[in-house]
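Below is a note for a colleague who will be working with these coordinates. Please read the numbered points with the model open alongside.

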Amino acid sequence: MDRGNLANLTAFVAVADRLSFRAAASQLGVTPSALSHSIRQLEERLGVRLLHRTTRSVSLTDAGRRLLDRLRPAIDQIAGALENLNQERQRPMGRLRIYAIHTAAVTVVAPIWWRFLSTYPEVHLELAVGEAPLDIVAKGFDAGIGPHDRAPADMIAVRVMGPMKIAVVGAPTYFARQPPPRTPEDLARHCCVQYRRAAEGDVYAWPFERNRKTRRITVDGRVMVNDPDLAVRAAVDGLGIVYTLEALAEPFLRSGQLLRVLEDWSPSFEGLYLYYPGHRQVPAALRAFIDMIRAARGSAPAKRSLQYPFTKD
């Protein structure tokens, strides 16, 4: 059905409901003469008269009544669909799909998802975790969460986590065999868990900073990984010293499974951003999700920080 036929059927239903060209024209925002022309086009295409009309009154023909009866369920379905969309615009509901790097999933989404889903019981949250860049629009995601450089220039980017501190850590069993390093240069005498950005990417050199003086240390060791969680696991298992995000090491620092070293040399990396397409008509579920994250974390001040290291290019 082309757009013109749909417009003419809409005009017919409006007139049939009100039995008045003037009232129907006012509802549709057109002139009575334009509405009359639409009805005449529809009747000519169908080859039947749908309305009896005089200067004083309008009534349905038998054919018009049968057509209205058959159109009514479809019209009600369309009206219901539009009302559902209006409700969704006003209150969070439906499926919310988020693509996040692992760190964001653990430190940004997981801490609030129980409260979010409890507050908005009509929302279904789908969280996909990955480190590689992804076209979130092409893949059907509502938003992504990652470093700022992951947000395309034509998307809105909202800070959801402030600068993240680095933690250099090792297991007590490891430090029982080797004295803790006091300076970054001391790492040359230690077994370190190396990190490769991707399966065939560059091995990451560890940046350090103190009193605006920077060092970038190339470390050595018997284990190399390309996953931050595995790096932390290697440290917990006593395989060496690891350079990681404080947020990933914190549970093990709290439990005593890891000890921190070189804290006064540990820099901060840029925070994380939630990014999504478009300025207008932001889905209510996404707007509520952003608001809850920002309320939970507060507005962290921007600081000079290094580029986030633990994602694939």
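1. Ala104 lies in helix H5, residues 102-119, where helices are DSSP runs of H or I with at least four residues and strands are runs of E with at least two, both numbered from the N terminus. Ala104 is buried, its relative accessible area being 0%; the classes are buried under 20% relative accessible area, exposed over 50% and partly exposed in between, with a 1.4 Å probe and protein chains only. Residues up to four places away in sequence aside, Ala104 touches Val109, Ile145 and Leu272, contact being defined as heavy atoms within 4.5 Å. Ala104 and Leu272 are 168 residues apart along the chain, yet their C-alpha atoms are separated by 7.1 Å.

2. On provenance, this is a predicted model, in which local features need pLDDT of at least 70 and side-chain atom pairs count only at pLDDT 80 or more, whereas totals for chains, interfaces and linings use all residues. Residues are numbered from 1 along each chain as its sequence is written, and side-chain values use heavy atoms, with hydrogens and water left out.

3. For the chain as a whole, the protein has nine helices and 15 strands, and 42% of its 313 residues count as buried. Among contacts with a separation of 6 or more, 75% come from residues 24 or more positions apart.

4. Leu96 counts as buried at 1% relative accessibility. Beyond residues up to four places away in sequence, the residues that Leu96 touches include Phe116, Val123, Leu125, Ala285, Leu286 and Phe289, as well as Glu126 and Asp142.

5. Val242 and Leu258 can be read together. Val242 is found in strand S12 (residues 242-245) and counts as buried at 0% relative accessibility, while Leu258 is found in the loop between helix H8 (246-255) and strand S13 (259-261) and counts as buried at 2%. Leaving aside neighbours within four places in sequence, Val242 is in contact with residues including Val169, Val232 and Ala235, and the contacts of Leu258 also include Val169, Val232 and Ala235. From C-alpha to C-alpha, Val242 and Val169 are 5.4 Å apart in space and 73 residues apart in sequence, and Leu258 and Ile241 are 9.7 Å apart in space and 17 residues apart in sequence.

6. How do H2 and H3 pack? The axes of helix H2 (residues 21-28) and helix H3 (residues 32-46) come within 9 Å and cross at roughly 100°, the axes being lines fitted to C-alpha atoms, for helices over the stretch in contact, with angles running from 0 to 180 degrees between N-to-C directions. H2 and H3 are therefore roughly perpendicular to each other, a label that covers 65 to 115 degrees, with under 35 being roughly parallel, over 145 roughly antiparallel and the rest oblique. Phe21, Arg22, Ala24, Ala25 and Leu28 of H2 make this contact with Pro32, Leu35, Ser36 and Ile39 of H3.

7. H3 has 15 residues and reaches 21 Å from its first C-alpha to its last, close to the 21 Å expected at 1.5 Å a residue, where the expected span is 1.5 Å times one less than the number of residues. Its buried residues are Leu35, Ser36, Ser38, Ile39, Leu42 and Glu43. Seen down the axis of H3, these buried residues fall within an arc of 160°, so they line one face of the helix; the arc is that of the directions from the helix axis to the C-beta atoms. Ser33 and Glu44, on the other side of H3, are exposed.

8. Some backbone angles deserve a look. Leu19, in the loop between helix H1 (3-18) and H2, has a phi near 50°, a positive value in a residue other than glycine, and Leu19 is partly exposed at 40% relative accessible area. Asn211, in the loop between strand S9 (206-210) and strand S10 (213-217), likewise has a positive phi near 50°, and Asn211 is exposed at 66%. Gly47, which follows H3, has a positive phi near 80°.
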